[in-house]
Amino acid sequence: MRRWWLAALLGQAACGGEGPVVAAAGVAAEGAPAGVAAPTGDRPRAASWPEAGAELRALAPLPSPGRRLRIIIDAGHGAPGNVGNTSVRCELEQDFTRRVQDEVVARLARAPELEVRAGRPDAALVDYGARIAAFDGWPADAVVSLHSDARAGEGVELHPVTGCWSVRGAAGFSVLFSDEGSPGLKAARERLARAVAGALTEAGFPPYARGYSEALYGAVTDGVFVDRHAKGKRIRMLRGTHVPTVIVETHQAFDPDEAERWTEPGTLDAFAAALRRAVVAATTNPE
Ligand SMILES: [Zn+2]
């Protein structure tokens, strides 16, 4: 989501660059232990995300909470001077997020327990301050701001077909929140972050496993990270609202397979169903 990616692609991020620095390659590969023969026969290996054929599930909704929850789905970026990354498909992040926002809003608008609005409803650029004021003023019960990540990884090259940067090996979603503010607001944000990550995982989206530099985002649980940027550099959308707000880094924008999966209606169905379930769970079952 940030501009550090070029430095990462040039190999500088691992030396303390300013962005999320991924761990060195070396995550143990899963599979049969050495010396154990792989099963033979005609059963092919199951596809794993983001490969084509890795299946997602549209989770069933939770019972209605008894009132209509006000939910914002926000297309990240698309603010003046802020277009976000450029994916392996050469799609600007602000265009990706708007496309997914509109698809998710259309799906959630059919949920009787929700009242849904878009954070960036048309082609107009919207300043983050204006968005925060709108979310607080409604007020929303939950805000989910959509992004895609620009991560370091392996196999860095210009994609032979698109000509845009391609990176392998850093797929998955992450959910970001802020722990600044009142204890109640902080707890509500974390509840939302955990519910979203849990529902996405249950739907078949894997959490981003390598994580970020601890100096930037602290790992809370699988796929959930708290903003640890230096004070003054923390993400405004996360810390500035007075309603529970999370960012979902939907996927790795440079991964050709994962970017392709995010063009599929089935991916959007599963993602929207997971958010539908998560916002109800987070809003109606405070611990
Ligand atoms: Zn972003």
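Tutor: Let's start with a term we will need: two residues are in contact if their C-beta atoms, placed from the backbone, lie within 7 Å. Helices (H or I, at least four residues) and strands (E, at least two) are DSSP runs, numbered from the N terminus.

Student: Thanks! What should I keep in mind about the model and its numbering?

Tutor: This is a predicted model: local features need pLDDT of at least 70 and side-chain atom pairs count only at pLDDT 80 or more, while totals for chains, interfaces and linings use all residues. Residues are numbered from 1 along each chain as its sequence is written.

Student: How many helices and strands does the chain have?

Tutor: There are 7 helices and 9 strands. A residue is buried if 20 or more other C-beta atoms lie within 10 Å of its own, exposed if 12 or fewer, and partly exposed in between, with C-beta atoms placed from the backbone. Of the 287 residues in the chain, 45% are buried. If we take contacts between residues at least 6 apart in sequence, 73% of them join residues at least 24 apart.

Student: How many residues of α7 are buried?

Tutor: In α7, 15 of the 20 residues are buried, so the helix is largely enclosed by the rest of the structure. Take T267, which is in α7: it is buried, with 23 other C-beta atoms within 10 Å. Leaving out residues up to four places away in sequence, T267 touches L56, R261 and W262. T267 and E55 are 212 residues apart in sequence, yet 9.1 Å apart in space, C-alpha to C-alpha.

Student: Which residues of α2 are buried, and what covers them?

Tutor: The buried residues of α2 are E93, Q94, F96, T97, R98, V100, Q101, V104, R107 and L108. Their cover includes β1, β2 (114–118), β3, β9 (245–252) and α7.

Student: How are packed helices described, and at what angle do α2 and α7 pack?

Tutor: Two packed helices are described by the angle between their axes and the distance between the axes. Axes here are lines fitted to C-alpha atoms, for helices over the stretch in contact, and angles run from 0 to 180 degrees between N-to-C directions. For α2 and α7, the angle is about 60° and the axes are 9 Å apart. That makes α2 oblique to α7 (under 35 degrees is roughly parallel, over 145 roughly antiparallel, 65 to 115 roughly perpendicular, and the rest oblique). V100, E103, V104, R107 and L108 of α2 make the contact with L268, D269, F271, A272, L275 and R276 of α7. By class, these residues are 7 nonpolar, no polar and 4 charged (Ala, Val, Leu, Ile, Met, Phe, Trp, Tyr, Cys and Pro count as nonpolar, Asp, Glu, Lys and Arg as charged, and the others, Gly among them, as polar).

Student: At what angle do α4 and α7 cross?

Tutor: Helix α4 (residues 183–203) crosses α7 at roughly 145°, and their axes come within 8 Å. From α4, R191, L192, A195, V196, A199, L200 and A203 meet A270, A273, A274, L275, R277, A278, A281 and A282 of α7. That contact has 13 nonpolar, no polar and 2 charged residues.

Student: What does A197 touch?

Tutor: A197 is in helix α4 and counts as buried, with 25 C-beta neighbours inside 10 Å. Apart from residues up to four places away in sequence, A197 touches V175, P207, D222, G223 and V224.

Student: Where are the cis peptide bonds you can show me?

Tutor: Most residues other than glycine have a negative phi, and most peptide bonds are trans. Here the bond from W49 to P50 is cis, with omega near 10°, and P50 lies in the loop between α1 (5–9) and β1 (69–75). Another cis bond joins W138 and P139, with omega about -10°; P139 is in the loop between α3 (128–137) and β3 (142–149).

Student: And H77, is it buried or exposed?

Tutor: H77 is buried, with 24 C-beta neighbours inside 10 Å, and its phi is positive, near 65°. H77 sits in the loop between β1 and α2 (93–108). C90 is also placed in the loop between β1 and α2, and has a positive phi of about 65°, but C90 is exposed, with 12 other C-beta atoms within 10 Å.
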